[in-house]
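Here are some notes to read with the model open beside you. Take the points one at a time and find each residue as you go.

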Amino acid sequence: MTLLLTGADGQVGREIQRLALQDDQPIVALNRSGLDITDTEAVLQVVQETQPAMIVNAAAYTAVDKAEDEPALAFRVNRDGAGNLAQAAGETGIPLVHLSTDYVFDGTSPRPYLETDLVAPIGVYGHSKWEGEEAVRQRLHHHLIIRVSWVFGVHGNNFVKTMLRLAREQDALRVVADQRGGPTYAGHIAALILDLYRQIVNQATTSWGTYHFCGSPITCWHAFAEAIVRTGRQKGILDRPVTVHPITTADYPTRARRPANSALDCRKIEAYFGPHTKAWQTGLEDMLERLAKEAA
Ligand SMILES: NC(=O)c1ccc[n+]([C@@H]2O[C@H](COP(=O)([O-])OP(=O)(O)OC[C@H]3O[C@@H](n4cnc5c(N)ncnc54)[C@H](OP(=O)(O)O)[C@@H]3O)[C@@H](O)[C@H]2O)c1
């Protein structure tokens, strides 16, 4: 029973590979050069040859600001690539777990977003991911779309790594305090996906559809940055104190707008698939311990 993974070199992809290896879970893990998900024929051929028990799509165009200037590429990967995988999965009767994002929402809700809330993406990236979700829904009944937010982990570029780099260069950081969300550890997403895989292959689920999964508790970038500096000092990654000043979104203009509220309500996934670790502080400690070990 093999798991087929696309986007294997990404933050989440690398963690899925690591946990699959730890669990002796057979996996065919393909990065972009192994399988470009925008190549319709290649996708079908790989799926037919591999005959996996499940496909996980961790491949995506994730450059939120750059997407504003290259929308065609963002849509090709996030909409058409997802559609290709769903099409191939449908033709071969294989379930697909597809990752999506809080950026499908506009962030104006006063409470965490439910799966049933109306989407209204405010940028190209969010729009392309929404159309990717729709491409999956239209082509394949046996799908799980998991929306995650503010992903961080050992591999790739992310907010935690940026804060650590800046904290080594500057005595004071200025970080946005008026955007709220749940930082989600790539290792926690990987553990969730491998558990979903076990539940699916044991036929313990017929609960196909869309789910939210994000780190807890909900926080803001500023408070998260303070936790990164504090934990970095505790784990010996940072060797000096750094002050983190709160600023507003207006003080830090970016090419793409970000939702002010990225919080996802995660009760549905817990009700259908059971509880899964999602405390971001635990994830942060694990990440920084691993980085410290790598650096030693
Ligand atoms: N990062 C976040 O903060 C965040 C937040 C919410 C949701 N998500 C979603 O979570 C999922 C995983 O994100 P992540 O943070 O792990 O992303 P990531 O680190 O950017 O990894 C995405 C991977 O997809 C690969 N890729 C790009 N185009 C491809 C193509 N045409 N065919 C095959 N592979 C391709 C990339 O390869 P190259 O490096 O070679 O381009 C990269 O290795 C995505 O669906 C993303 O939209 C992420």
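Which residues of helix 1 are buried? Keep that in mind for point 2; some ground rules come first.

1. Ground rules. This is a predicted model, where local features need pLDDT of at least 70, side-chain atom pairs count only at pLDDT 80 or more, and totals for chains, interfaces and linings use all residues. Residues are numbered from 1 along each chain as its sequence is written. Helices (H or I, at least four residues) and strands (E, at least two) are DSSP runs, numbered from the N terminus.

2. Helix 1. The buried ones are Gln11, Val12, Gly13, Arg14, Glu15, Ile16, Gln17 and Ala20. A residue is buried if 20 or more other C-beta atoms lie within 10 Å of its own, exposed if 12 or fewer, and partly exposed in between, with C-beta atoms placed from the backbone. Their cover includes strand 1 (3–6), strand 2 (27–30) and helix 6, among others. As for length, helix 1 (residues 11–22) should span 16 Å at 1.5 Å a residue, and its end C-alpha atoms are 17 Å apart, which agrees. The expected span is 1.5 Å times one less than the number of residues.

3. Look at Asp24, in the loop between helix 1 and strand 2. Its phi is near 55°, a positive value in a residue other than glycine. Asp24 counts as exposed because it has 6 C-beta neighbours inside 10 Å.

4. Another positive phi. Trp150 has a phi near 45°, and it isn't a glycine either. You'll find Trp150 in the loop between strand 5 (143–148) and strand 6. Trp150 is buried, with 25 other C-beta atoms within 10 Å.

5. The core. Which residues touch the most other members of the largest nonpolar core? They are Leu5 and Ile193, out of 85 residues. Helix 6 gives the most to this core, with nine residues. Such a core is a set of buried Ala, Val, Leu, Ile, Met, Phe, Trp, Tyr and Cys residues joined through C-beta atoms within 7 Å. In soluble globular proteins, nonpolar side chains tend to be buried together. Leaving aside neighbours within four places in sequence, the contacts of Leu5 include Ile16, Ile27, Leu30 and Val56. Two residues are in contact if their C-beta atoms, placed from the backbone, lie within 7 Å.

6. Helix 9. Helix 9 (residues 280–295) has Trp280, Gly283, Leu284, Met287 and Leu288 buried. They sit on the same side of helix 9, because they cover an arc of only 125° around the axis. That arc is taken from the directions from the helix axis to the C-beta atoms. Among the elements they pack against are helix 5 (159–169), helix 6 (186–201) and helix 7 (221–234).

7. Two crossing helices. The axes of helix 5 and helix 7 come within 10 Å and cross at roughly 65°. Axes are lines fitted to C-alpha atoms, for helices over the stretch in contact, and angles run from 0 to 180 degrees between N-to-C directions. Val160, Met163, Leu164 and Ala167 of helix 5 make the contact with Ala225, Ile228, Val229 and Gly232 of helix 7.

8. Ser216 and Pro217 are joined by a cis peptide bond, with omega about -5°. Pro217 lies in the loop between strand 10 (209–212) and strand 11 (219–220).
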